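Colleague: I would like to learn how to read aromatic rings and strands in a model. Could we go through one slowly together?

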Amino acid sequence: MTTSSRFLPHAERLVWFGFMLFLLIVAMIHIYRGFGLERDVSAANQEVLALQMRLASLTAGQVLESAPVGLTQGEVRRLQRLGLNDPRVQLVADLAAQPELIGHGGVLGGSIHFVPEEIHVLSDRWVLAAFEDGHIRGRMLLEYEVAFGNIAWQVLASSLD
């Protein structure tokens with residue numbers, strides 16, 4: 001028996017140990033990332049639920065005491081950094097100028113439009129807006145993004161009263 005053949009089982013064990021250690025580390029990273037993703041989804045679901053509760057309370061004409069509606073000072077500063085000097089005023093004006101976002105047509109010759117006094121900025125992401133044409137009324141929940149002073153709107157939900 002030569003010296004190199006005596007050490008072969010040890011080298012083989014080291015290779016197997018290294019391989020198993022590598023697999024264990026990869027599995028731990030995968031599990032850790034999975035937990036992080038679950039937390040992100042859970043936080044998003046909680047945020048959606050809170051917005052649905054706000055929407056329901058505002059639609060019913062009530063404001064929940066525990067859920068303040070409107071932009072916080074931090075959200076105002078963030079929107080200002082993104083290019084809006086007066087975020088609430090600019091958001092309302094921009095949305096009011098885009099009646100094409102309303103997925104309902106006017107009836108009896110009415111012109112469908114947003115009601116600026118009934119556009120409520122809920123947060124730095126969502127707006128609840130009323131619209132009408134003189135004959136029908138409705139509300140919609142919109143999501144918005146701001147980049148370089150430009151506002152991009154996306155309708156999340158819309159219904160007629």
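Colleague: How many aromatic pairs does the structure hold?

Modeller: This is a predicted model, and the structure holds two aromatic pairs.

Colleague: What describes a pair of aromatic rings?

Modeller: A pair of aromatic rings is described by the distance of the centres and the angle of the planes. In this model the rings of W16 and F19 have centres 6.1 Å apart and planes at 85 degrees, so that pair is edge-to-face, since planes over 60 degrees apart count as such. W16 and F19 both belong to helix α1 (residues 3-59), and because they are three residues apart there, about one helical turn separates them.

Colleague: Which aromatic pair is tilted?

Modeller: The tilted pair is Y144 and W153, with 5.4 Å from centre to centre and 50 degrees between the planes.

Colleague: Is Y144 buried or exposed?

Modeller: Buried means under 20% relative accessible area, so Y144, at 2%, counts as buried, and W153, at 13%, counts as buried too. W16, with a relative accessible area of 52%, is exposed, whereas F19, at 40%, is partly exposed.

Colleague: In what order do the strands of the sheet come?

Modeller: Four strands form an open sheet in the order β1-β2-β3-β4, with antiparallel pairing. The edge strands, β1 (113-121) and β4 (150-160), each pair on one side only. Between β3 (residues 137-147) and β4, the antiparallel pairing runs over ten bridges, and M140 stands opposite S158 in β4. Helix α3 (residues 87-96) packs on this sheet and touches β1, β2 (126-132), β3 and β4.

How values were computed. Residues numbered from 1 in each chain as written. Predicted model: local features only at pLDDT ≥ 70, side-chain atom pairs only at ≥ 80, totals over all residues. Heavy atoms only, no water. Pairing = 2+ DSSP bridges. Helix = DSSP H or I, 4+ residues; strand = E, 2+ residues; numbered from the N terminus. Contact = heavy atoms within 4.5 Å. Axes fitted to C-alpha atoms, helices over the stretch in contact; angles between N-to-C directions. Phe/Tyr/Trp six-rings, centres within 6.5 Å; stacked < 30°, edge-to-face > 60°. Buried < 20%, exposed > 50% of the residue type's maximum accessible area, 1.4 Å probe, protein only.
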